[in-house]
Amino acid sequence: MRRVALLGSTGSIGTNTLDVLQGLSDRFDVVSLSAGRNLDLLCEQAMRFRPRRVCVSGDAQEAAFRLKPLEIEVLDGPEGLLDLATDPDVDLVVNGLVAGVGLRPTLAAVQAGKDVAIANKETLVVAGRIVTELAAQQGVKLVPLDSELTPLWQSLQGTPGQDVKRILLPASGGPFFDSSLDQMARVTPRQALNHPTWKMGPKITVDSATLMNKGFEVIEAHWFLGLPVSKIDVVIHRQSIVHCLIEFVDGGLTAHLSTPDMRLPIQQALTHPEKLCTRVCPLDLTQVGELSFYPPDFERFPCLALSYEAVKAGGTAPAVLNAANEIGVYAFLEGRIGFLDVPGVVRRALDAHGNGFGLDLEAVFEADRWGREKAGEIVRRLER
Ligand code: MG
């Protein structure tokens with residue numbers, strides 16, 4: 001039995017992970033869950049999975065009251081998350097937390113010798129070097145939980161790096177694939193939240209619309225797979241059927257295809273190298289008919305170029321990329337700036353960043369604070 005702590009259990013990764021774990025209940029034991037403010041769903045999950053502990057970021061007293069009959073210990077806040085991540089009774093931490101709260105629990109889990117399955121993009125974007133070096137030192141496994149990165153990671157296990165010419169990360173292109181710059185300038189939050197394939201939280205849905213999400217995946221792929229950024233390309237693929245492509249030096253190309261369903265990559269990540277049955281609908285290519293691929297448009301989607309720029313610059317540039325983007329996305333969602341201002345905010349913050357903070361964790365946190373402050377100033381100037 002592998003004992004699992006699931007952080008972020010009420011989000012889209014969390015609910016899909018629980019669905020997978022339910023089907024694998026003979027192999028995995030859900031020891032703990034953490035949730036933000038969705039107490040109703042957390043209690044429902046606690047009833048089904050009977051974890052020993054839960055952590056909430058909202059009303060811990062209310063949670064303790066409601067979970068008392070189940071004898072579940074209730075923790076709260078960032079300290080509680082660290083407790084779950086370092087619990088001696090846990091073998092695997094699944095990190096489905098949203099945004100910046102994901103980094104510290106990942107580091108704590110790795111430090112405590114746990115394997116970590118990571119859906120939280122920000123973790124590797126802002127601190128890829130620190131997290132991967134620590135994992136290598138501790139001899140723990142870091143596994144990506146993502147529709148593109150998980151099959152890539154799985155396909156590349158045991159493949160010598162020199163055999164790989166490049167990898168291609170497919171992007172759906174988001175809701176504005178066809179839109180002109182003019183139209184994109186007038187996009188409303190509601191339009192941006194309408195993703196063609198995946199149902200996700202608002203932050204990541206906007207990141208998908210700007211292609212920042214794909215830029216983050218480029219950075220994650222670099223760290224998870226140990227590939228130079230020059231070997232990582234993005235291709236627009238509207239159907240979301242092909243989830244990754246690997247081009248080998250001999251000219252051959254391998255692709256991973258499936259019905260778009262997060263439960264498949266989650267199960268792949270959890271049971272690798274074994275392949276077990278899932279409830280994922282098999283793919284009928286005759287129903288799909290056609291698969292199309294286009295080069296990405298870096299001009300209409302500058303977030304992609306900014307991501308490459310930041311990871312090439314190294315140091316704390318990716319931390320600033322992430323921080324400025326988060327501020328920009330929330331300002332857009334609040335109607336304070338336009339859709340195309342989001343990459344504008346990131347651009348200006350990156351330009352102002354001297355990359356002189358250093359390379360350690362403190363430098364990452366300092367760059368994060370600086371990036372948020374800088375982006376906040378830029379947003380206020382744009383608002384006027
Ligand atoms: Mg993805």
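Predicted model: local features only at pLDDT ≥ 70, side-chain atom pairs only at ≥ 80, totals over all residues.

Me: Are Glu 148 and Glu 217 buried or exposed?
Reply: Both Glu 148 and Glu 217 are buried.

Me: You mentioned H11; how does it sit against H15?
Reply: The axes of H11 and helix H15 (residues 317–333) come within 12 Å and cross at roughly 160°. Angles over 145 degrees count as roughly antiparallel, and therefore H11 and H15 are described as roughly antiparallel to each other. The crossing in which H11 passes H15 is left-handed.

Me: Which residues meet there?
Reply: On the H11 side they are Met 212, Phe 216 and Ile 219, and these meet Leu 321, Asn 322 and Asn 325 in H15.

Me: Switching topic, how many salt bridges are there?
Reply: The count comes to 33 salt bridges. One of them is between the side chains of Arg 53 and Asp 87, with a distance of 3.6 Å from N to O. This pair links distant parts of the chain, with Arg 53 in strand S3 (residues 53–56) and Asp 87 in the loop between helix H4 (77–86) and strand S5 (92–95), 34 residues apart.

Me: Is that pair, Arg 53 and Asp 87, buried or exposed?
Reply: Arg 53 counts as buried because its relative accessibility is 16%, and Asp 87 is buried too, with a relative accessible area of 7%. The cut-off behind this is that buried means under 20% relative accessible area.

Me: What about Arg 129, which residue does it form a salt bridge with?
Reply: Arg 129 forms a salt bridge with Glu 133, and the closest N and O atoms are 3.9 Å apart. Both residues belong to helix H6 (residues 121–138), and because they are four residues apart they are separated by about one helical turn. Arg 129 counts as partly exposed at 45% relative accessibility, and Glu 133 counts as partly exposed at 44%.

Me: And Arg 336?
Reply: The side chain of Arg 336 meets that of Glu 334 in a salt bridge, at 3.4 Å from N to O. Here Arg 336 is partly exposed at 33% relative accessibility, while Glu 334 is exposed, with a relative accessible area of 53%.

Me: Which residues are linked in a network of salt bridges?
Reply: Such a network links Arg 3, Asp 29, Arg 52, Asp 89 and Asp 91.

Me: Last one: how many residues of H5 are buried?
Reply: Helix H5 (residues 103–111) is mostly covered, with seven of its nine residues buried. The buried residues in H5 are Leu 103, Pro 105, Thr 106, Leu 107, Ala 108, Ala 109 and Val 110. Just after H5, Gly 113 takes a positive phi of about 85°.

Terms used. Residues numbered from 1 in each chain as written. Heavy atoms only, no water. Buried < 20%, exposed > 50% of the residue type's maximum accessible area, 1.4 Å probe, protein only. Helix = DSSP H or I, 4+ residues; strand = E, 2+ residues; numbered from the N terminus. Salt bridge = Lys/Arg side-chain N within 4 Å of Asp/Glu carboxyl O. Axes fitted to C-alpha atoms, helices over the stretch in contact; angles between N-to-C directions. Parallel < 35°, antiparallel > 145°, perpendicular 65-115°, else oblique. Left-handed = near helix turned anticlockwise from the far one by under 90°. Contact = heavy atoms within 4.5 Å.
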